[in-house]
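User: I would like to go through this structure with you. Could we begin with the terms and then work through the chain?
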Amino acid sequence: MFQLTRVRLTIQNSLILIIVICAISIAVFTYLRVLLYSDLDDELEDLMVEYEVLVEKGYIPLETSVSKPTFLQDPRVWAVLWNEDGEIIRTEGQEALFLNNQDSFRPARDHRVEQRGAEGYHFRTIASHFE
């Protein structure tokens, strides 16, 4: 009788411990994900707004190759310009990576940060539509 009770309590305690450990793991993972990506996503959104303003004012022509604006000197940030047909017009970064994987980087939505991957690398992307 006591043997059966001991086995039941051991199983119950094990299940409770597993559930608690899973809940803590999920909470830590979610917190770290938000902490790591929130700063990057905010920076991407701010850079997109700055880039849009410079394009609208004519400081950055869309069709020609110009040097990177000073705020895009961060080596982690690359601008890729697409035309209406979904073809790359200009890149400001590793051209071969973008040109060889156009389908992986083709923007799906404007002003939304998305996770993309190509050739074993992972990127956070944001897109905007220019007239």
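Analyst: Buried means under 20% relative accessible area, exposed means over 50%, and partly exposed lies in between (1.4 Å probe, protein chains only). Of the 131 residues of the chain, 27% count as buried.

User: What kind of model is this?
Analyst: This is a predicted model, in which local features need pLDDT of at least 70 and side-chain atom pairs count only at pLDDT 80 or more, while totals for chains, interfaces and linings use all residues. Residues are numbered from 1 along each chain as its sequence is written, and side-chain values use heavy atoms, with hydrogens and water left out.

User: What is the average pLDDT of the chain?
Analyst: The average is 77, and 75% of the residues score at least 70; pLDDT is the predictor's confidence in each residue, from 0 to 100.

User: How many helices and strands are there?
Analyst: The chain has 3 helices and 4 strands, in the order α-β-β-α-α-β-β along the sequence. Helices (H or I, at least four residues) and strands (E, at least two) are DSSP runs, numbered from the N terminus.

User: Which elements have the highest and lowest mean pLDDT?
Analyst: Helix α1 (residues 2-56) has the highest, 88, and strand β2 (residues 88-92) the lowest, 69.

User: Is Asp41 buried or exposed?
Analyst: Asp41, in helix α1, counts as buried because its relative accessibility is 14%. Leaving out residues up to four places away in sequence, Asp41 touches Val113 and Arg124, where contact means heavy atoms within 4.5 Å.

User: And what about Asp42?
Analyst: Asp42 also belongs to helix α1, but is partly exposed, with a relative accessible area of 43%. Its C-alpha atom is 9.3 Å from that of Val113, 71 residues apart along the chain.

User: Which residues make up the largest nonpolar core?
Analyst: The 7 residues are Trp82, Ile88, Leu97, Phe98, Phe105, Ala118 and Phe123. A nonpolar core is a set of buried Ala, Val, Leu, Ile, Met, Phe, Trp, Tyr and Cys residues joined through side-chain atoms within 4.5 Å. Beyond its neighbours within four places in sequence, Leu97 contacts residues including Trp78, Phe105 and Tyr121.
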